[in-house]
Amino acid sequence: MAPDQNNDISNPIPLLTPYKLGDFDLHHRIVLAPLTRNRSYNNIPQPHAVVYYSQRATKGGFLITEATGVSDTAQGFADTPGVWTKEQVEAWKPIVDAVHEKGGVFFLQMWHVGRVSSYGFQPNGQAPISSTDKGLTPGVEGGEWSPPRRLRKDEIPGVVNEFRLAARNAIEAGFDGVEIHGANGYLIDQFLKDQINDRTDEYGGSLENRCRFALEVVEAVSDEIGANRVGMRLSPYADYMESGDSNPDALALYMANALNKYNILYLHVIEPRIRGSTEVKGADRNEIPNSLLPVRQAFKNTFIVAGGYNRTKGNKAIAENYADLVAFGRLFLANPDLPKRFELDAPLNKYNRSTFYIPDPVVGYTDYPFLEEAFTSN
């Protein structure tokens, strides 16, 4: 477990206490969660992202980008960014610069969607790659998914290398580090979860084997840019994109302990109360039999929690040393000045779910009002 000497119990707002994240001095515990926004046309980050991310940046604030593809086979959704070409790297640079000018700490989340894709997103219309050749049920999460192709064992090192090169590119773009996306039913999760992974080689079967690919990615990325610049996101309890596991407690603890060996900067875990892409109605950490506390106690470095948090729940998580940092998604999306609103206990803008994933460069993206604007308009 990470030490709790960072907790300033004299501050009545635990989320606004400072925290030492490795080499980074954070001024508060409020993290911008990685949020897919579908506004990177042709997989290239756009100038409007400069506005979006800098709006949410604060001095000593920690931001994580939307999920960003590591290769041309990593895509499964329209207009999501990549970091595998020189053009993409150059497009990220002004976005990173804008966050750094505000004093923020900025990590890029790297993903490969695996089977959560279709022929139209794949080079030459080929089949998406995965740990398996089992496809998603048509219509799950509203998608028309194409049947995947099971990766051969000799192909796996090449995919691991794509994550390594993407991490190198992220540092070239100016990012402070990377978060490896091992959650939500995407490629790494497709290896981790026994509901999906039906392999009979050393990448399937036992818990150790199913975690092998994830840890090879962690090792490669850490060797490339340094473990002090690497985080990982996991969702052991989720069943998003039909990615459930028969023993999520064991999976979560195994990964926490295994990641300790690589000494990565942080582990970012989605709460059990998040089922699929939604929160269990009325769910609270204390009401769910599967708490993240054992994972928090097992992992020795910074522990970040996410999933349905608000100001009250976030303060409680920090005050009780249940987590070091708390990631906020929808609330941060709709409130670019979320730390200030939490400080003042000010009213929050309501998010508009219908504009989460539209390609508009402004609507539902950079047009949520700041506190001063909200007061002015009233």
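Modeller: Helix axes here are lines fitted to C-alpha atoms over the stretch in contact, and angles run from 0 to 180 degrees between N-to-C directions. The model is a predicted one.

Colleague: Are α6 and α7 roughly parallel or roughly antiparallel?

Modeller: Helix α6 covers residues 212-225 and helix α7 covers residues 248-260. Their axes lie 11 Å apart, at an angle of about 25 degrees. Angles under 35 degrees count as roughly parallel. So α6 and α7 are roughly parallel.

Colleague: Which residues of α7 make the contact with α6, and how many residues of the contact are nonpolar?

Modeller: From α6 come A214, L215 and V218. From α7 come Y254, M255, A258 and L259. No polar and no charged residues take part. The nonpolar count is seven.

Colleague: How many charged residues are in the contact of α3 with α6?

Modeller: Helix α3 spans residues 156-172, and its axis comes within 9 Å of that of α6, crossing at roughly 35 degrees. The α3 side includes R164 and R168, while the α6 side includes E216 and E224. The contact also has 11 nonpolar residues and no polar ones. The charged count is four.

Colleague: Is L15 buried or exposed?

Modeller: L15 sits in the segment before β1. Among the residues L15 touches are I30, I318, V326 and F342. Its relative accessibility is 0%, and the cut-off for buried is under 20%. L15 therefore counts as buried.

How values were computed:
Residues are numbered from 1 along each chain as its sequence is written. This is a predicted model: local features need pLDDT of at least 70, side-chain atom pairs count only at pLDDT 80 or more; totals for chains, interfaces and linings use all residues. Side-chain values use heavy atoms; hydrogens and water are left out. Helices (H or I, at least four residues) and strands (E, at least two) are DSSP runs, numbered from the N terminus. Angles under 35 degrees count as roughly parallel, over 145 as roughly antiparallel, 65 to 115 as roughly perpendicular and the rest as oblique. Contact means heavy atoms within 4.5 Å. Ala, Val, Leu, Ile, Met, Phe, Trp, Tyr, Cys and Pro count as nonpolar, Asp, Glu, Lys and Arg as charged, and the others, Gly among them, as polar. Buried means under 20% relative accessible area, exposed over 50%, partly exposed in between (1.4 Å probe, protein chains only). Lists of a residue's contacts leave out its neighbours within four places in sequence.
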